[in-house]
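Dear colleague,

I am handing over a structure to you with this email, and I would be glad if you could look through it before reading my notes.

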Amino acid sequence: METTAANPPPQSDMTNRNTRLQEIKHFDESKIGVKGLVDRGLESIPSFFIHPYPPKPNQKPSPTRKADPNCTPGLIPTIPVIDFFSPRSTLVDQVRRASSSLGFFQIINHSVSLSSITKILSSMQDFFELPENVKKGYYSRDMSRGAAYLTNFDLYRSEAASWRDTFQM
């Protein structure tokens with residue numbers, strides 16, 4: 001049965017949604033992120049992080065994510081490797097296909113030095129190890145700020161949150 005304004009969900013579903021929203025809001029407003037939960041000695045994973053298993057049988061795939069025709073169910077997919085020395089049209093097509101199917105890819109021949117990559121990764125690790133009160137100053141859902149630290153871009157919209165923190169610049 002579809003939920004509409006004329007056909008609202010049962011009260012228990014509404015109560016569960018409200019409780020879930022309150023839990024998410026409390027977590028988000030704490031600005032501590034997933035690492036903060038762990039650092040505080042988390043004893044159980046909050047329910048809004050738990051993904052249903054098995055997935056709902058009638059669950060539709062994401063409209064922005066297409067199944068990879070080269071991926072056999074049950075097998076671990078191969079991460080696409082994209083060579084930046086490829087002709088531009090090939091490069092654009094490979095990025096589009098990898099982004100719309102698997103969702104990520106590896107780039108080679110990008111001319112970013114290993115020392116630069118190492119410094120960036122070290123800086124990110126240093127950031128995530130900062131005290132909570134320092135990181136809270138960067139916690140924001142406003143992506144126009146230039147630098148933002150947050151947990152899940154779609155925290156309030158997804159069926160279940162991903163167990164990750166993000167620093168975006």
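Of the 169 residues of the chain, 21% count as buried, where buried means under 20% relative accessible area, exposed over 50% and partly exposed in between, with a 1.4 Å probe and protein chains only. Please keep in mind that this is a predicted model, in which local features need pLDDT of at least 70 and side-chain atom pairs count only at pLDDT 80 or more, while totals for chains, interfaces and linings use all residues. Residues are numbered from 1 along each chain as its sequence is written, and side-chain values use heavy atoms, with hydrogens and water left out.

The chain has five helices and four strands, which are DSSP runs numbered from the N terminus (helices H or I, at least four residues; strands E, at least two).

The structure also holds 11 aromatic pairs, meaning rings of Phe, Tyr and Trp (its six-membered ring) whose centres lie within 6.5 Å, with planes under 30 degrees apart counted as stacked, over 60 as edge-to-face and the rest as tilted. One of them joins Phe49 and Trp163 edge-to-face, at 4.9 Å centre to centre and 80 degrees between the planes. Because Phe49 lies in the loop between H2 and E1 and Trp163 in the loop between E3 and E4, this pair ties together parts that are 114 residues apart in sequence. Phe49 is buried at 6% relative accessibility, whereas Trp163, at 40%, is partly exposed.

With kind regards
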